[in-house]
Amino acid sequence: MSKQSKPWLASVLLFFGLFSLTQPAMAEQLANGAGPGASSAGTWWFWPLLLLAITFLMGIFAVLGGVGGGVLFVPIISGFFPFHLDFVRGTGLLVALSGALAAGPGLLKMNLASLRLAIPVALIASTCAIAGAMIGLALPTHIVQICLGATIIGICALMLVSKKSEFPEVPKADRLSSALRIYGIYQEVSTGQSVEWKIHRTPLGLGLFILVGIMAGMFGLGAGWANVPVLNLMMGAPLKISVATSKFLLSITDTSAAWVYFNQGCVIPLMMVPSVVGIMLGSFVGVRLLAMAKPAIIRWIVIAILAFAGVKALTKGLGIG
Amino acid sequence: MNEKDENILASRPEQIRYAAILEKGMYLGLLVLLITFVIYVFGIMKPYIPKDKIPTYWTMGVHDYLHHAQIKPGWSWLGMLKYADFLNFIGIAILSGVTTICFVAVIPVFLRNNDRLYAVFASLEAAILCVAASGLLSVGH
């Protein structure tokens, strides 16, 4: 095994090590009275600290696996930590929002994220995210947990089958995108070429964002997993524009849903701040590891972790996990 | 690359303004969040809910949590800023509010460029985010 593969391999082992640690640690904490319905003087720091460590690794995996932090955070934390799903979803949205806010300015300045493309999409997605958040908070927890599990397993399937297209062929821009003047040009750094882009199937793509927005708000997942395929495969935006606009879009969609959760009281600073800091620090490290990692293997690991967390959410919702 | 090429590749003015405000708001929000969290965790100010009682609450659904902890939802936290735990909400509100400011700020740029449709879109988006932030949208199990 090459020396270069060791850092990410160490990350994998550390992730699973800490992951397996949560179970006996949880049992011990429950025995000590830190669990459901109990007070635990002196051990309040245990879960935030574990949360910081797990979210740090999640941040690394999110970058290496090409997924957002929110989509890993909600199923894993709700499945394996003692926090109620209401707080996990509120925190998950703020985790995804923080990542999007951190990336947004740079992507806009580099002209990779397109404000012109994002605004009409955001109008639909953010309105639906508010509706999704309200539906998610109104439904009984076990129903949301079952739907979350099914959605996560669906995301795994989507990750397995969806193919990305770096430069999709768009023979002709549709009438709506032409009227809205949604087109652009960016510089492809790898070749030095200027790439002109336009989109098609805009009404259908915008329609799909109704569903994306509802799911983002309902489960607190962020929505990069859905944004990118819709923008890239359906609407024909180049992959870089799709990924960047999707990331920027999360800063708008998640803001609207996050306000609903925040106003309902679903934010506990002792959960939220370690999660945001952990994911952000992990993302910085992940970007550095990206050069030496093997993305295909990492992607398989992320899919496996997601599938495991999805099944856990499903069984938890059904009362058998 | 000549100057003409650079102009073509440059971001549009509204995009540059949006990015500049987003960047400042993001840094401010994160800084405030970290400072207030340090104040909270190191006990520099007294919290409303003692830290050792938090594990009792985070296992409850949000409605039970608010009921047992006697906390009102919505913007009532503004009246509880003397407590360290609620002080953290300032940073969260900045991070959640900066996007609305960005949209309001780009409206004049769109209007100046005679792009009325996008000025309307930006106004609508700002209005939607304000409604979400208002706390008027209450939810009950």
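## Close-up views of a predicted model

**View 1. Fold of chain A.** Along the sequence, the elements of chain A run α-α-α-α-α-α-α-β-β-α-α-α-α-α. That gives chain A 12 helices and 2 strands. The model is predicted. Of the 321 residues in chain A, 56% are buried. Among contacts in chain A with a separation of 6 or more, 82% join residues 24 or more positions apart.

**View 2. Confidence along chain A.** Mean pLDDT for chain A is 84. A value of 70 or more is reached by 85% of its residues. Helix 7 (residues 175-179) of chain A has the highest confidence, at 96. Helix 1 (residues 6-32) of chain A has the lowest, at a mean of 53. Residues 1-5 of chain A stay under 50 in pLDDT. For residues 1-5 of chain A, the model has 2 contacts beyond four places in sequence. Residues 33-41 of chain A are also below 50. This second stretch has 24 contacts in the model beyond near neighbours in sequence. Where pLDDT is low, predicted coordinates should not be read in detail.

**View 3. The side of chain A that touches chain B.** Chain A gives 60 residues to the contact, and chain B gives 52 residues. Five elements of chain A each supply two or more residues to this side: helix 4 (85-109), helix 5 (115-138), strand 1 (183-188), helix 10 (239-263) and helix 11 (269-290). By class, the chain A side holds 39 nonpolar, 19 polar and 2 charged residues.

**View 4. Helix 8 of chain A, end to end.** Helix 8 of chain A has 18 residues. At 1.5 Å a residue, helix 8 should span 26 Å. Buried residues of helix 8 include A:T202, A:G205, A:L208 and A:F209. The run from A:V212 through A:G213, A:I214, A:M215, A:A216, A:G217 and A:M218 to A:F219 is buried as well. A:G220 follows helix 8 of chain A, with a positive phi near 65 degrees.

**View 5. A:L221 in its loop.** A:L221 sits in the loop between helix 8 (202-219) and helix 9 (224-234) of chain A. Why does A:L221 count as buried? A:L221 has 30 other C-beta atoms within 10 Å, and 20 or more make a residue buried. Leaving aside neighbours within four places in sequence, A:L221 contacts A:G70, A:V71, A:V74, A:G92, A:M215 and A:A216. A:L221 and A:A62 are 159 residues apart in sequence. In space, C-alpha to C-alpha, A:L221 and A:A62 are 13 Å apart.

Notes:
Residues numbered from 1 in each chain as written. Chains lettered and ligands numbered in written order. Predicted model: local features only at pLDDT ≥ 70, side-chain atom pairs only at ≥ 80, totals over all residues. Helix = DSSP H or I, 4+ residues; strand = E, 2+ residues; numbered from the N terminus. Buried ≥ 20, exposed ≤ 12 C-beta atoms within 10 Å, placed from the backbone. Contact = placed C-beta atoms within 7 Å. Nonpolar A, V, L, I, M, F, W, Y, C, P; charged D, E, K, R; others polar. pLDDT = per-residue confidence, 0-100. Expected span 1.5 Å × (residues − 1).
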